[in-house]
Amino acid sequence: MAMKVLPNAYFNSSSLFSIQISKNGSVPHSQIQMSPHFSARNLHSSIRQNGWVLVKAVLDSATIDQLGLSESDFRNPALSSSYRNSKLPKPNQIVLEAQARVCTGPTQTKPLGEEQAFKVLDTILRSAKGELQDDEEEVSKAQLGAFFAAMTIRANAFPEATQWSEGERRAMNTYWPQIIRVLPDDVIFVADPEGSIMGVGSSIGPQYVGDSTTEMRLVGALREILAGGHLGYEEVQGVLREVLPLKLEDKFSGVSESLFSAFLIGQRMNRETDRELKAYCLAFDDEHGAPPVAEVRSLTHYGEPYDGNTRYFRSTLFVAAVRSCYDESCLLHGVDWMPPKVNSKLIFSLEG
């Protein structure tokens with residue numbers, strides 16, 4: 001997005017934050033102080049110049065109104081977890097809260113209680129029938145795919161503690177005979193691919209093949225994923241090359257949003273193998289050529305695999321940003337088999 005830079009917009013960077021850095025370059029957590037004046041309405045860009053951070057532009061409320069910007073257009077996603085492009089429809093919050101509980105790993109998943117399960121399925125039913133209230137967001141196709149993929153994987157492959165609760169079973173037994181009448185076949189397939197979970201409408205899942213050649217390949221991969229299985233390197237690459245890139249302006253790239261969201265969340269819930277992870281990283285290498293090799297004298301990496309825990313502040317991103325101001329190259333990742341897993345230290349440096 002083009003942005004006008006206002007003249008004479010420089011100000012002291014201490015109005016954003018102040019940091020005391022020790023001689024060895026470490027940043028004690030207790031010495032990081034955020035300014036109460038810093039908010040999402042401070043749009044700024046900065047450069048390092050002789051050890052000082054210069055703030056090049058700051059837009060106040062009047063300027064934002066003058067340029068005709070909405071807050072969601074300029075809010076930095078790196079600073080706010082609530083960032084969302086204003087052109088994208090918002091997800092349904094009731095289903096989104098349920099996704100936060102069930103769309104995660106075999107040990108972190110939290111089964112829904114009976115009241116929440118009934119509320120979620122009632123929302124899905126009313127959304128599919130077009131009966132939501134004006135203040136309720138439609139349940140998107142991607143949400144349907146992710147939610148039902150999570151329920152299927154939990155039923156098929158998760159340990160007993162994170163499988164369906166009794167409340168979820170009662171809610172599904174109550175609502176599924178009605179939901180199956182209004183949901184498209186691709187979502188019904190994701191919810192019961194082999195016809196062994198729901199009972200009602202059990203013939204749709206086993207017979208579903210998709211609506212295109214690309215979807216046929218995706219459906220084949222999903223049958224393995226929804227059973228709790230894993231894919232080979234070539235299988236993952238094949239799916240990604242046919243589906244991506246997404247064409248958001250016109251329509252989705254020839255495949256069902258529900259199927260693709262089920263594919264992505266399913267792989268994450270099953271915990272990607274090294275082959276699957278490699279396929280994601282290298283899917284388009286043949287098109288873009290060999291990756292560039294960075295010439296750095298040292299590299300510090302911060303391994304912090306996400307486990308669904310959001311109770312604690314994770315400072316690694318901020319610490320890495322501060323270190324980068326001192327020309328220290330940093331790599332942040334969430335790979336399970338790199339530190340801090342397998343009894344290795346959280347941070348180590350590779351001298352080169």
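These legends cover several close-up views of a predicted model.

**View 1. The nonpolar core.** The largest nonpolar core has 55 residues. Those with the most contacts inside the core are Ile124, Phe147, Phe148, Trp176, Leu183 and Phe263. Helix 5 gives the most, with eight residues.

**View 2. Phe147 and its contacts.** Phe147 is among the residues with the most contacts inside the largest nonpolar core. Leaving aside residues up to four places away in sequence, Phe147 touches Ala98, Gln99, Val102, Cys103, Leu112, Val120, Leu121 and Ile124. One of these, Ile124, is also listed among the residues with the most contacts in that core.

**View 3. Thr104 in its loop.** Thr104 sits in the loop between helix 3 (93-102) and helix 4 (114-128). Is Thr104 buried or exposed? Its relative accessible area is 16%, so Thr104 is buried, the limit being under 20%. Thr104 touches Thr109, Phe158 and Met269, not counting residues up to four places away in sequence.

**View 4. The salt bridge of Glu136 and Arg126.** The model holds nine salt bridges. One of them joins Glu136 to Arg126, with the closest N and O atoms 3.0 Å apart. Glu136 lies in the loop between helix 4 and helix 5 (141-157), and Arg126 lies in helix 4, so the pair ties together parts that are ten residues apart in sequence. Glu136 is partly exposed, at 22% relative accessible area. Arg126 is buried, at 18%.

**View 5. The salt bridge of Arg223 and Glu194.** Which side chain meets Arg223 in a salt bridge? The partner is Glu194, at 3.3 Å from N to O. Arg223 belongs to helix 9 (residues 213-226), and Glu194 to the loop between helix 7 (185-191) and helix 8 (204-207). The pair links distant parts of the chain, 29 residues apart. Arg223 is partly exposed, with a relative accessible area of 21%. Glu194 is partly exposed too, with a value of 47%.

View 6. Arg268 forms a salt bridge with Glu272, and their closest N and O atoms are 2.8 Å apart. Arg268 is partly exposed, at 39% relative accessible area. Glu272 is partly exposed, at 27%. Elsewhere, salt bridges that share partners join Asp122, Arg126 and Glu136 into one network. Side chains of opposite charge can pair when their charged atoms come close.

View 7. Helix 9 has 14 residues. At 1.5 Å a residue, helix 9 should span 20 Å. Its end C-alpha atoms are 20 Å apart, which agrees. Which residues of helix 9 are buried? They are Glu215, Leu218, Val219, Ala221, Leu222, Ile225 and Leu226. An α-helix has 3.6 residues a turn, so residues three or four places apart point the same way. The buried residues of helix 9 pack against helix 5, helix 7, helix 10 (233-243) and helix 11 (257-269). After helix 9 comes Gly228, whose phi is positive, near 90°.

Key:
Residues are numbered from 1 along each chain as its sequence is written. This is a predicted model: local features need pLDDT of at least 70, side-chain atom pairs count only at pLDDT 80 or more; totals for chains, interfaces and linings use all residues. Side-chain values use heavy atoms; hydrogens and water are left out. Helices (H or I, at least four residues) and strands (E, at least two) are DSSP runs, numbered from the N terminus. Buried means under 20% relative accessible area, exposed over 50%, partly exposed in between (1.4 Å probe, protein chains only). Contact means heavy atoms within 4.5 Å. A salt bridge is a side-chain nitrogen of Lys or Arg within 4 Å of a carboxyl oxygen of Asp or Glu. The expected span of a helix is 1.5 Å times one less than its number of residues. A nonpolar core is a set of buried Ala, Val, Leu, Ile, Met, Phe, Trp, Tyr and Cys residues joined through side-chain atoms within 4.5 Å.
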